[in-house]
Amino acid sequence: MGYGDVQMIDENGNRVDGRKAGDIRPIEIELGVVPVADGSASMRWGTNYVIASVYGPMEAHPRKIQRQERAVLDVRYNMAPFSTTDRFRPGFNRRSREISKVTSDALESVVLLELYPRSKIRVEIEVICAEAGTRCVGLTAASLALADAGIPMTDMVVSVASGKINGIVVCDLNKEEDNYGAADLPMGILPNSGELVFLQMDGDLSPSEFQEAWDYNMDAALGIHKLMKEAIENKYGGGQ
Amino acid sequence: MAQPLVPELLRAHLAELASRDQRADGRGQWEGRDLSVEVGILERAEGSARVQMGDTIVFCGIKFQLQTPYPDRPDEGGLMTSAELRPLAGRHIEPGPPSPESIEIGRVVDRGIRESGCIDTKDLCIIPGEKVWQVIIDCFAISDDGNLFDAFGLAAIAALHNSTLPGERFDVGEDRKLPVNKTPIMCSFQKVGGRFVYDSNREEEVGGDERIHITLGEGDHVHSLQKGLKGVFSASEFVEIMGAAKQRCSELRKIVDSL
C-alpha cells in the first residue's frame, strides 16, 4: 500500500483509535518521579512516556559558561534505547540535539533567568517510551518539572501538535497516524497569554488547513493546561 | 569533581555511626532499602522491569535484533548489556559519552547474566550459520540514590524473565517467550566507616571506600565478582559478606521468580 492510501479515518469521522479530529490522546501527569532531583515530572501521553528532571539553580561551571546578568539553561532531550520499536542506539544524534536546542529556546522564553545570575539550571528530558509527538511531551513535561522545582516562570509551556491524514486535519497524531501523516505542526503555547515559544512544521498544509491545525493546537493546549494545573494543585495545594 | 572538605566530615560521621553499629538512614548492616519490582511496563520493549530501592529507581528494557552468528559459533546467539547513567538521574552525573563507571556497571551486570548460563545462547539460533537473535539488555537510571549495580542487576534478570522474542515482527516465525533458565542475583557491599554494609545509599557511596559485587546463582554458585574503588579488604571480611550475600540473594531470587 502506498503512502497516504491507507484509510485512517472512517466515514463517521472516527480515527483509528476512536478519537474525533480535534481530540487528544489520554494524558497522565505525575510530579516528583525522580526523588533525587530538585524537581521532576512524568507524562504518559497515549503510549508516550517521558520523564523530565530539573537540577538547580546551581553554580555554573566551567566559569566561561556563566552569564553575569542571568542563569543559563542547560537542556537535554534524549531517547532511551528501549523507547522505540527498533532499538535506539545511544550516542550523538542530530535530531536529539536539535530538539534539545528548540526546547531550550522555548523554556528560556518563560523562565525568569535574571533572578539567578551566574548560575545554571539543568533540564533533563528522557523519552522512556516513544509513540509520536515526543518533542511536545518533552517540552510540556519539562515545564512541569521546572514548576515542581519551584523555578519562577512567566507561564507554563503547553506543547501539542496537529497534522494531516487522508487530507483531513487532526490533532495529536498517534504512531499509526504519524506513519501516514502528510503534515506535522507542533507548537509550544503559553496558555495564559496565547503566545507561542515553540513552533515547527513540516509537510504540506493549505492556508485553511494550516489555520485549522493552529486552532486545534490552541484549543488542545487549554485542556492540557487544566490537567497540568490539577497535577500541581494536587501536590502543592490550590493556587490563586 | 573535587569534593575536598565535606566528604571528610561525612566520612567522620559515618565512621562514628559505624562504631556504634548504626547507619545514617537507620538500617542494619545487612539490611536493604524498601524494594519494589515491576515487570512489563514499557510498551516498546520486548521485556521490561522497573526496580525501586529507596530513592534509587531504574528501568531495564530488553530489545532483540537479528545478527549473523560468529563463524566459530554458528548456532549461538548474542548477548549485550549496557548501562546508561544519564544526567536525568542525579546532579553528580555529567552529560557526555559513557563514563568509566557506567561501563563498569554494564559489564558487571553482563557477566552475572552471561556466566550464570540463564540464557542458553543456542536457544537464540534461528538458522545455524545465518541468523541468530541478539539480546540487548539496556539498563537505564532514573534516580541514583546509590547502589545502581544491584538495581540494574535485579531489573535486568526480571526483565529477561518477562521477555518475548518478536519472531513475527522480524518475519522469522512466531513470537515466543525468551527461555530463561536461572535467576542470577547480584548483591553489593561497600566499606563504610571501616566496615562493610549491604546496599549503600548515595551518601554512603560518597563517604565510603571499596565496594564488592557478588553475583550468585542457583545453589549459591558464584558467577561474577568485582572489587571496585580504592581500598583493601581481608579474607575474613570477604567470608562475612559472602555469608550475607547468600542469604540476601536467595530472598531476592524468590521475589524475581514469583513475578
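## Basis

In this predicted model, local features need pLDDT of at least 70 and side-chain atom pairs count only at pLDDT 80 or more, while totals for chains, interfaces and linings use all residues. Residues are numbered from 1 along each chain as its sequence is written, and chains are lettered from A and ligands numbered from 1 in the order in which they are written.

Helices (H or I, at least four residues) and strands (E, at least two) are DSSP runs, numbered from the N terminus. Two strands pair if DSSP finds at least two bridges between them.

## The sheet of chain A

Chain A has an open sheet of 5 strands in the order 1-2-3-5-4, and its pairing is mixed. Strand 1 (27-31) and strand 4 of chain A are at the edges with a single partner strand each, so one side of each has no neighbour in the sheet. On average, neighbouring strands of this sheet are turned by 15° against each other, direction ignored. Axes are lines fitted to C-alpha atoms, for helices over the stretch in contact, and angles run from 0 to 180 degrees between N-to-C directions.

Strand 3 and strand 5 of chain A run antiparallel and are joined by 9 bridges. Tyr49(A) has Cys129(A) in strand 5 of chain A as its bridge partner.

## The sheet of chain B

In chain B, 4 strands form an open sheet in the order 10-9-11-12 with antiparallel pairing. Its edge strands are strand 10 (195-198) and strand 12 (222-228) of chain B, each of which pairs on one side only. From one strand to the next, the twist averages 20°. Helix 5 (residues 235-257) of chain B packs on this sheet and touches strand 9, strand 10 and strand 11 (211-216) of chain B. The direction of helix 5 makes about 140° with that of strand 9 of chain B.

Strand 9 (residues 185-192) of chain B pairs with strand 10 of chain B over 4 bridges and with strand 11 of chain B over 6 bridges. Gln190(B) stands opposite Val197(B) in strand 10 and opposite Arg211(B) in strand 11. Strands 9 and 10 of chain B form a hairpin with 2 residues between them, and Gly193(B) in the turn has a positive phi of about 60°.

## Burial of strand 9

A residue is buried if 20 or more other C-beta atoms lie within 10 Å of its own, exposed if 12 or fewer, and partly exposed in between, with C-beta atoms placed from the backbone. In strand 9 of chain B, 8 of the 8 residues are buried, so the strand is largely enclosed by the rest of the structure. In a regular strand the side chains alternate between the two faces of the sheet. Both faces of strand 9 of chain B are covered, with Phe189(B) among the buried residues on one side and Met186(B) among those on the other.

## The nonpolar core

A nonpolar core is a set of buried Ala, Val, Leu, Ile, Met, Phe, Trp, Tyr and Cys residues joined through C-beta atoms within 7 Å. The largest one has 140 residues, and Val123(A), Val58(B), Cys60(B), Phe152(B), Ala155(B) and Ala156(B) touch the most other members. Helix 3 (residues 148-161) of chain B gives the most to this core, with 11 residues.

## Where the chains meet

Two residues are in contact if their C-beta atoms, placed from the backbone, lie within 7 Å. By this rule, 23 residues of chain A are in contact with 24 residues of chain B. Strand 5 of chain A supplies the largest share of the side of chain A that touches chain B, 5 residues.
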